[in-house]
Amino acid sequence: MSKKRVYMDYAATTYTRSEVVEEMLPYFTEEFGNPSSLYSFSDNTKKAIDIARERVAKAINAEKDEIYFTGGGSEADNWALKGIALSRKNKGNHIITTEIEHHAILHTGKFLEKNGFEVTYLPVDEEGFVSVEDVKKAITEKTILVSIMFANNEIGTIEPIKEIGKVCREKKVLFHTDAVQAVGHVDIDVKDMNIDLLSLAGHKFYGPKGIGALYIRRGIKIENLIHGGAQERGRRASTENIASIVGIGKAIELAIGEMDVESKRLKNLREKLVNGIMEKIPHTKLNGPSDDRRLPGNLDVSFIGIEGETLLLDLDFAGIYASTGSACASASLDPSHVLLAIGLPHETAHGSLRLTLGAKTTEEEVDYVLETLPEIVRKRREMSPLWEDFLKEKGER
Ligand SMILES: *Cc1c(COP(=O)(O)O)cnc(C)c1O
């Protein structure tokens, strides 16, 4: 029997679906014309980029000329923050974001702070929600941008984006959202939600890696991040990554088309998984909301008394691929900033596990995790001094 491989880390990245790869392939070989060239040989690549831009725009109810392709989600986030900061620095120097953003936002915020900007990091409640009232109160005359993520990559919380958008529009402050986890998974309408800028990335919805987009509402002035040629209507230099642009367009169209059915399927699988875990493993805490204000495929739990890292190794050995904290921070031993922000003590945050389900997740896989995980946690707890202390404290030992 071959080793089981259960991938449950779809929030870190997805595979590129075969229909997408298929559509990309000609743009590596026959259709390689530089879209900036004037000869007719490049007509096909120009057309392909146009179609992709249309598809991305349609997915979030934007216009085609409001979509700018980037080299991924991080670049889109960097561009939104640095670009708006620089273009509006004469109007003010204050930016508002949250404590639970992806590092592409948080570290850009820190960079801007070193360069004369002031950044407010709003707290969140125990389920990871930012308060609309807090956003309103934090806006001052110097505020030039509010950047709040659409959905959190660790605990799946979907923020009240429409309400925040309304507040920002009323206060005439620009509103950016990092929607990298949300696009292709939940409904997004930039017009209805009053979103001025939005980041997305192909590899979170079965498109290729290294390609993303920034939606910039018509008429908004923003400084360039990448200077050079006149690509992307003069706003983002570098010869177009045509194959990946074609790929992100195809992937987003497929994801939107399947979203209703697929999100219901994932929600059911997640429910089964979370209920099973809570039932079989005592002293477990579900992180993030327990209702529908959560990404369909996201599950995050903390097991009191153990270390997430050792848990991951045991799971890896059993052929289950998951994550603890944020994938990007996993090289460090600091507990996740998101789990600390929702009020978890350090020890509890350390014992956390994120399982994110996706297109190839089956009920059999969920059953396999439910057979395997409780025993792993039990054994690790048996060896753990933290668990021993916890039981003593509770008077159970
Ligand atoms: C993955 C992710 C990013 C970074 O996207 P890349 O394409 O890896 O640069 C940014 N924000 C969120 C919320 C993410 O989940």
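Modeller: One term to begin with: buried means under 20% relative accessible area, exposed over 50%, and partly exposed in between, using a 1.4 Å probe and protein chains only. Keep in mind that this is a predicted model, where local features need pLDDT of at least 70, side-chain atom pairs count only at pLDDT 80 or more, and totals for chains, interfaces and linings use all residues. Residues are numbered from 1 along each chain as its sequence is written, and side-chain values use heavy atoms, with hydrogens and water left out.

Colleague: Okay, is Asn61 buried, exposed or partly exposed?

Modeller: Asn61 is in the loop between helix 2 and strand 2 (67-70); helices (H or I, at least four residues) and strands (E, at least two) are DSSP runs, numbered from the N terminus. Its relative accessible area is 33%, so Asn61 is partly exposed.

Colleague: And what is the phi of Asn61?

Modeller: Most residues other than glycine have a negative phi. Asn61 isn't a glycine, yet its phi is positive, near 55 degrees.

Colleague: What about Tyr206: what is its phi?

Modeller: Tyr206 is in the loop between strand 7 and strand 8. With a relative accessible area of 9%, Tyr206 is buried. It isn't a glycine either, and its phi is positive, at about 70 degrees.

Colleague: Which side chain does the side chain of His203 make a polar contact with?

Modeller: His203 lies in the loop between strand 7 (197-201) and strand 8 (212-216), and at 17% relative accessibility it counts as buried. Setting aside residues up to four places away in sequence, His203 touches Ala12, Thr13, Thr14, Pro208 and Lys209, where contact means heavy atoms within 4.5 Å. A polar contact is a pair of N or O atoms within 3.5 Å; within protein, one must be able to donate a hydrogen and the other to accept it, and residues adjacent in sequence count only if both atoms are side-chain atoms. At 2.7 Å, the side-chain partner of His203 is Thr13.

Colleague: On to helix 3. Which residues is Ala76 in contact with, leaving aside its neighbours within four places in sequence?

Modeller: Ala76 is found in helix 3 (residues 73-87). Its relative accessibility is 0%, so Ala76 counts as buried. Beyond those sequence neighbours, its contacts are Thr70, Ser199, Ala213 and Leu214.

Colleague: Is Trp79 buried or exposed?

Modeller: Trp79 lies in helix 3 too. Since its relative accessibility is 0%, Trp79 counts as buried.

Colleague: How about Gly219, buried or exposed?

Modeller: You'll find Gly219 in the loop between strand 8 and helix 7 (231-234). With a relative accessible area of 74%, Gly219 is exposed.

Colleague: How far apart in space are Asp260 and Tyr10, C-alpha to C-alpha?

Modeller: Asp260 sits in helix 8 and is exposed, given its relative accessible area of 52%. Asp260 and Tyr10 are 250 residues apart in sequence, and in space their C-alpha atoms are 18 Å apart.

Colleague: At what angle do the axes of helix 2 and helix 8 cross?

Modeller: Axes are lines fitted to C-alpha atoms, for helices over the stretch in contact, and angles run from 0 to 180 degrees between N-to-C directions. Helix 2 (residues 43-59) and helix 8 (residues 242-280) have axes that come within 8 Å, and these cross at roughly 35 degrees.

Colleague: How do the residues of the contact of helix 2 with helix 8 divide?

Modeller: Helix 2 contributes residues including Ala48, Ile49 and Arg55, while helix 8 brings in Ile245, Gly249 and Glu253, among others. Ala, Val, Leu, Ile, Met, Phe, Trp, Tyr, Cys and Pro count as nonpolar, Asp, Glu, Lys and Arg as charged, and the others, Gly among them, as polar. On that scheme the contact divides into 11 nonpolar, 2 polar and 3 charged.

Colleague: Last one: over which residues is the pLDDT below 50?

Modeller: pLDDT is the predictor's confidence in each residue, from 0 to 100. The protein chain averages 96, and 97% of the residues score at least 70. Among the elements, helix 11 (residues 346-350) has the lowest confidence, at a mean of 90, and strand 6 (residues 174-178) the highest, at 99. The stretch below 50 has 7 contacts beyond near neighbours in sequence, and covers residues 326-330.
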